[in-house]
Amino acid sequence: MSALTGRIAVVTGASRGIGAATAALLAGQGARVVRLARTLVERRDADAMDLPCDVTDAARVSAVAGLVRAEWGVPDMVVNNAGAFHLAPFEDTTLAEFDAQLDANLRGPWLMARAFVPMMREAGRGAVVTVGSVADHQAFPGNAAYASSKFGVRGLHETLVAEYRGSGLRFTLVSPGPTDTAAWDAVDPDSREGFTPRARMMRPEDVAAAVLFALSRPAHVQVDWLRLGPA
Ligand SMILES: NC(=O)c1ccc[n+]([C@@H]2O[C@H](COP(=O)([O-])OP(=O)(O)OC[C@H]3O[C@@H](n4cnc5c(N)ncnc54)[C@H](OP(=O)(O)O)[C@@H]3O)[C@@H](O)[C@H]2O)c1
């Protein structure tokens with residue numbers, strides 16, 4: 001029996017990559033896991049629920065929060081992992097591409113927090129982990145849209161830490177460096193100078209382990225920020 005046995009977790013972007021690894025790791029610890037992503041097909045059993053959800057869609061996020069609460073109760077853990085990665089020089093980045101990054105990486109976590117934090121506050125307990133990036137605190141060329149969204153989500157995270165301290169709610173930002181997922185397919189880092197080759201990247205399970213570390217601390221411990229990257 002682990003600290004997470006029977007606890008309810010909601011993980012966004014859980015159809016692949018870091019989110020899928022996190023959902024699997026939490027389920028392996030005995031948590032009841034709700035997986036959200038746009039491409040998931042609705043499915044339910046006693047300990048697992050998959051719900052299609054675009055985290056940028058305010059009405060859908062709100063409906064999903066109501067559904068989870070009605071069917072399973074107030075979640076103990078929310079993992080804001082869903083995200084998109086667009087790499088391009090500043091002058092080649094269109095406004096639509098910028099907006100898409102802000103939508104997936106900042107509006108999504110904001111909407112998830114608006115939907116779930118109030119019910120967790122009422123319950124007097126809960127943990128929210130947001131997956132940021134090394135790009136939430138460090139600048140790289142070609143990263144203007146992505147970094148804007150990730151620096152932004154760090155601002156959201158730090159504000160929530162300050163605002164809810166002492167409430168029983170805990171917030172953690174996990175900021176990974178390069179991790180070998182489909183997010184890199186369009187970039188092809190192995191053929192480009194200055195990028196970490198895929199073989200040297202972290203695995204999705206490495207980031208999932210950091211999320212689990214934060215979520216499995218005792219209730220009196222607040223882990224503000226975990227930064228990790230390839231050795
Ligand atoms: N890979 C890295 O090197 C790296 C490094 C630092 C931080 N991160 C962060 O880690 C997180 C996960 O990335 P990943 O590398 O695992 O990427 P990935 O393999 O491309 O997975 C992204 C996940 O997000 C979901 N998603 C995207 N937009 C969504 C939306 N609007 N609504 C709901 N779900 C959405 C995708 O599912 P659907 O397509 O089914 O919706 C998918 O499950 C992201 O926040 C990313 O910024 C990644």
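A nonpolar core here is a set of buried Ala, Val, Leu, Ile, Met, Phe, Trp, Tyr and Cys residues joined through C-beta atoms within 7 Å. A residue is buried if 20 or more other C-beta atoms lie within 10 Å of its own, exposed if 12 or fewer, and partly exposed in between, with C-beta atoms placed from the backbone.

What you're looking at is a predicted model, where local features need pLDDT of at least 70, side-chain atom pairs count only at pLDDT 80 or more, and totals for chains, interfaces and linings use all residues. Residues are numbered from 1 along each chain as its sequence is written.

Let's start inside. The largest nonpolar core has 54 residues, and those with the most contacts inside it are Ala-9, Val-11, Leu-26, Leu-36, Phe-116 and Val-211. Helix α3 (residues 95-123) supplies the largest share of this core, eight residues; helices (H or I, at least four residues) and strands (E, at least two) are DSSP runs, numbered from the N terminus. A second, separate core has seven residues, including Phe-85 and Ala-135.

Now follow α1 (17-28). This helix is mostly covered, with nine of its 12 residues buried; among them are Ile-18, Ala-23 and Leu-26. The cover over its buried residues includes β1 (8-12), β2 (32-37) and α5 (204-215). After α1 comes Gly-30, with a positive phi near 95 degrees.

Around the ligand sit 30 residues, the closest being Gly-13, Gly-17, Arg-38, Thr-39 and Gly-83; a residue counts as near if its C-beta atom, placed from the backbone, lies within 6 Å. α1 gives the most to this shell, with three residues.

How values were computed. Two residues are in contact if their C-beta atoms, placed from the backbone, lie within 7 Å.
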